[in-house]
Amino acid sequence: VNFNQILSTHIRLAMAFYVLLVLAAWVGAAGIFARTSLKTSRWPNSTILELPNLLKREGQMTWEALSENDEVAGGIDGGIEDCIEEGEDAEGVYSYVDPRDRRYSSNGAVRCFKVVIPPSAPQPAPVVLFFHGLFGSAKISCSRDGHLPRLAAAYGIVLVCAEANVHWAFPELSTGCRCTDASQPAKCSAEDSPDHTYVGAILDTLRDKPHMFDRKGFYLAGFSRGAMFASWASLCFGYDLRGVGLVASGMKVHGEAVTSKTCEAVPDLNCLVGVDDGIHTPLKDGECDSCQWFPIQPFQARDVTGNLLRYCLYAGNSDDLRHSVAVMAQELGALGMPTHMEIFDGGHEIPADYDFIGKLARCHGLLPQTPTSGNGTEQAKVPEVAVELVEDAAATSDF
C-alpha cells in the first residue's frame, strides 16, 4: 500500500471540502444581502428602508437581525397601517423593522413614515418633518385632504409625517422619570430613546436622495406632544437640520434649573425660583423631584450649515401649554439661539385660518417676509391656493 498516495488523496479531498464550505458561506451571505436590500415588502407599493441606512447610526444592527425579524413583522402590533388611510395605497410610505424597539412587543416594532411630494416641489425640495401630537398619527397628519399637506403643496414643500410607536419615547432618568438633569443634560442616543434610531433612519433616507430632497433644507416641526419631541430631536440631530418649528408646546423646567428669568417668562403662573416653573404637562412629565428639564436641557446646537439652529415657536393665546412655549423661548434666547415666538388667537390647536406652513417657511427665509393681521394670516405674497385652503380647512387638534 502506498501510504503517501493515500495521504495525498485525503489532503486533496479535505481541501475540496473546505473550498465547498467557503463557497456555501459566500452564497448564504449574498442571499441575506439580497433579501435585506430589496425595496419591496409584503405591503403593495410600500418600501422597506435599506439596512445600510440604519447601520450609519446603529452599528450593532446586523443583516440577519433585520431579515429574521422582518419575517415575523406581521404579528407585531401597529406598523404600516398607522401611516395609511383606509382605501389609500401605500405610495410614499416607508417602513422598516426595528428588532431592538421592544417597548410593546418582544419581537420589535414595525416603524413607518409617510412622504408627500407635491407636483409643484422643486428638485431638490425643502422638507418639513412633522411629529404628531398625543393620540395623533401620520395618516391624519398627512391625510390626502389634510390641512398641512395641502398647505405644503401650495408652497412646493415636501411634507414627511412621522409615526410614534404608540407614544414618542423621551429620555428618562434612572428613577424612571421622563426628563434630564445636570448630570446627564444631553441624552441623545438610542440607549436614551428608541426613537433616536427611528428619527435617524428617516433623515438618512431623505439624505440619501439628494436629487429629490435638499440636504440643507430639512426642518423639524411638531404639534403638542410632538412639538416637545421635536424639541428633543432638534437638539440631538441639529447637524442634519436647517431649522425648527413648534406649535402648542415647548419645554418644562423644574428644580434648581428654574431661575428668575424663567419666572419672568410665565408671570401668570405660580413659578417659584429653584422649585418649579408652574407648568403641568398632560402626562406630568418633568415633575419628579430629580428632574430639571423636560424633554432636554437646551444647548447651543449648530445646524447643517454650521450656524446656530433657528427656532420658530407658535402658541394659542388661550392654550394652557403656551407657557411651555414661552419658557422654551426664554431658555433658547438666554443661550443666544435665534428664536422667534408668535401668539395667535386660539387654543391647543392649529386653527383653520392659521397658515402654519407659510409661517414656518417665512420664519426660516424660504419665502419673503410679509405683514400679518388679526390671527397672523399672511396679507401678501401668499399663493391663492393657500388662501383657499386655510379658508375651508377645519381646525383640528388631532395632528
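Q: In this predicted model, are Arg111 and Asp195 buried or exposed?
A: Arg111 is buried, and Asp195 is buried as well.

Q: What makes the pairing of Arg111 with Asp195 a salt bridge?
A: The closest N and O atoms of Arg111 and Asp195 are 2.9 Å apart, and a salt bridge requires such atoms to be within 4 Å, so the pair qualifies. The two residues come from distant parts of the chain, with Arg111 in strand β3 and Asp195 in helix α6, 84 residues apart.

Q: Why is Arg225 called buried?
A: Arg225 has a relative accessibility of 7%, and buried means under 20%, so the residue counts as buried.

Q: How do you know that Asp285, which forms a salt bridge with Arg225, is buried or exposed?
A: Asp285 has 3% relative accessibility, and because the cut-off for buried is under 20%, Asp285 counts as buried. The closest N and O atoms of Arg225 and Asp285 are 2.7 Å apart, and the pair links helix α7 with the loop between α8 and β9.

Q: Why is helix α7 described as largely enclosed by the rest of the structure?
A: Of the 12 residues of α7, 12 are buried, so the helix is largely enclosed; among them are Met228, Phe229 and Trp232.

Q: What makes Asp276 and Lys252 a pair that ties parts of the chain together?
A: Their side chains meet in a salt bridge at 2.7 Å, N to O, and because Asp276 lies in the loop between α8 and β9 while Lys252 lies in strand β8, the pair joins parts that are 24 residues apart in sequence.

Terms used
Residues are numbered from 1 along each chain as its sequence is written. This is a predicted model: local features need pLDDT of at least 70, side-chain atom pairs count only at pLDDT 80 or more; totals for chains, interfaces and linings use all residues. Side-chain values use heavy atoms; hydrogens and water are left out. Buried means under 20% relative accessible area, exposed over 50%, partly exposed in between (1.4 Å probe, protein chains only). Helices (H or I, at least four residues) and strands (E, at least two) are DSSP runs, numbered from the N terminus.
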